[in-house]
Amino acid sequence: MNPVDARPLIESAARRVITHAEELTRLDQAIGDGDHGLNMKRGFEAVLAELDQLDSADDVAVLAAVGKTLVMKVGGASGPLYGTLFLQFGKGWPSAASAPSAASLHTCFEGAVQAVAARGKSQPGQKTMLDVLFPVVALTATGASCGAVRAEAQRAAQATIPMEAIRGRASFLKERSIGHMDPGARSSQLMIEAVCDALEKRE
Ligand code: ADP
Ligand code: MG
């Protein structure tokens, strides 16, 4: 396997989130306070600006810097959670010296998603980003194709529509949170799709 360069994956995810900011805002207006799109746009614009500055940094340093920036710039509940995701990616990322295997990338992804669950004191089934992240991690354990990963991310985001929110602001609405897609589940789906697109491009 060729070494996986984290930078184009991050760039692809950042651009995708930024172009879908209005959609994320609409989703958060339905069951939250309507700031998810703007929060994510602000954070990922800062990430893109930062990538330009980090020309000579290795992937581990880039992922750590991106995580820090997301914690500082996104805000809300999702900032610390997505920040944790990227910080933990940085900690688990296969070192440049060793050829990364699909298994080592899966382990890295799994550790990052577990760290988000610990930070959010949350688990799948509560109508959050975890309802997309967990099933996609499970699928990558078996070395799934990008097509299968995209389909699973889409299915999982749709599956948050009939759920009742148990975590985050949407949980204040109790059963009135039913019938809307979770904004964080959608932003996770978008990032996963964008990473798949970037991975396919390098093949
Ligand atoms: P806020 O809710 O503070 O306005 P955002 O609107 O940016 O923050 O993000 C909301 C999203 O964050 C939700 O749609 C949900 O996916 C996610 N989220 C909120 N709380 C948690 C939690 N405890 N664990 C996992 N994800 C969470
Ligand atoms: Mg919000």
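In the predicted model, Lys121 is placed in the loop between helix H6 (102-120) and helix H7 (130-140). The backbone of Lys121 has a phi near 45°, a positive value in a residue other than glycine. Lys121 is classed as exposed, because its relative accessible area is 66% and the class begins over 50%. A positive phi also occurs at Lys174, where the angle is about 50° although the residue is not a glycine. Lys174 belongs to the loop between helix H8 (146-158) and H9.

Another part of the chain that can be described in detail is the region of Val71. This residue lies in helix H4, which comprises residues 59-74. The relative accessibility of Val71 is 33%, and the residue therefore counts as partly exposed, a class that lies between the limits of 20% for buried and 50% for exposed residues. Val71 and Tyr82 are 11 residues apart along the chain, and a distance of 7.3 Å separates their C-alpha atoms.

The surroundings of ligand 1 were examined next. The space that ligand 1 takes is the second largest pocket. In total, 19 residues surround ligand 1. The closest of these residues are Ala77, Ser78, Gly120, Ser122 and Asp182. When the shell is divided by class, nine residues are polar, six are charged and four are nonpolar.

In the side chain of Asp28, an N or O atom is found 3.1 Å from an oxygen atom of the ligand. For Asn39, a side-chain N or O atom is likewise placed at 3.1 Å from an oxygen atom of ligand 1. Gly184 takes part through its backbone, in which an N or O atom lies 3.0 Å from an oxygen atom of ligand 1. Each of these distances falls within the cut-off of 3.5 Å that applies to a polar contact. On its own, ligand 1 has 570 Å² of accessible area, and the protein covers 93% of this area.

Methods. Residues numbered from 1 in each chain as written. Chains lettered and ligands numbered in written order. Predicted model: local features only at pLDDT ≥ 70, side-chain atom pairs only at ≥ 80, totals over all residues. Heavy atoms only, no water. Near = heavy atom within 4 Å. Polar contact = N/O pair within 3.5 Å; in protein donor to acceptor, adjacent residues only side chain to side chain. Areas by Shrake-Rupley, 256 points an atom, 1.4 Å probe, with all protein chains shown as cover. 1 Å grid on protein atoms, 1.4 Å probe; cavity = no way out; pocket = protein on both sides within 12 Å on 5 of 7 lines; lining within 4 Å. Sits in = over half its atoms within 2 Å of the grid points. Nonpolar A, V, L, I, M, F, W, Y, C, P; charged D, E, K, R; others polar. Helix = DSSP H or I, 4+ residues; strand = E, 2+ residues; numbered from the N terminus. Buried < 20%, exposed > 50% of the residue type's maximum accessible area, 1.4 Å probe, protein only.
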